[in-house]
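Please find below a short note on the structure, written for a reader who is new to such models. The points may be read alongside the sequence and the 3D view.

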Amino acid sequence: MAETLALPTTTDRAELYRAVYPQIEALISTESDLTANLANVAAALKEAFGYFWVGFYVVKEGQLVLGPFQGPIACTRIPFHKGVCGACYTQRKTIIVPDVEQFPGHIACSSASKSEIVVPVLRLSGTVAMVLDADSEQLNDFDVADQAGLERLVRLIARKL
Ligand code: SME
């Protein structure tokens, strides 16, 4: 297994997602442990995109519980009806928040986070197994390229559930 990511010298997110996808696929294809795979996915996304915070909240004990992540320490448990992560869980769809201050009920784990995207990881049955959350220190930092790139990536994780 390659121990470093090969990244193109571009800031074009769509291109970066295209470059990272097969590498993450290779990285997790030979490992069956979910925690190990989530940890490497978070690390790869942090390295490739430099998100302020990126990681997983896993459905557990009737809540969203902090899983592997990269970035500053974060809230450990999120009720299903709270925050952007809760909205993603309940609506079972990706949520892009251009300005977290404008999102009612947003949970501020860090005041430095200004915008975010949360993507559900769906089981074959359609239920949510976990959510992938990426936060940025810039306003309006996520768009449809991130949505497409991350939704494609989480399908790799979903296959291993
Ligand atoms: N902002 C999220 C909480 C998780 S942290 O950003 C890492 C939310 O509102 O659900």
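1. Basis of the note. The model is predicted, and local features need pLDDT of at least 70, side-chain atom pairs count only at pLDDT 80 or more, while totals for chains, interfaces and linings use all residues. Residues are numbered from 1 along each chain as its sequence is written, and side-chain values use heavy atoms, with hydrogens and water left out.

2. The shell. The ligand is surrounded by 13 residues (each with a heavy atom within 4 Å of the ligand). The closest are Val 84, Cys 85, Ile 107, Glu 116 and Asp 135. By type, the shell holds 8 nonpolar, 2 polar and 3 charged residues (nonpolar: Ala, Val, Leu, Ile, Met, Phe, Trp, Tyr, Cys and Pro; charged: Asp, Glu, Lys and Arg; polar: the others, Gly among them).

3. Contributing elements. Strand E1 (53-60), helix H3 (83-91) and strand E6 (128-136) each supply at least two shell residues, and H3 gives the largest share, 3 residues. Helices (at least four residues) and strands (at least two) are DSSP runs, numbered from the N terminus.

4. Polar contacts (pairs of N or O atoms within 3.5 Å). A backbone N or O atom of Val 84 is 3.0 Å from a ligand oxygen.

5. Ser 136. This residue lies in strand E6. Ser 136 counts as buried because its relative accessibility is 4%, and buried means under 20% (1.4 Å probe, protein chains only). A polar atom of the Ser 136 side chain lies 2.9 Å from the backbone nitrogen of Gln 138.

Terms used. Polar contact = N/O pair within 3.5 Å; in protein donor to acceptor, adjacent residues only side chain to side chain. Buried < 20%, exposed > 50% of the residue type's maximum accessible area, 1.4 Å probe, protein only.
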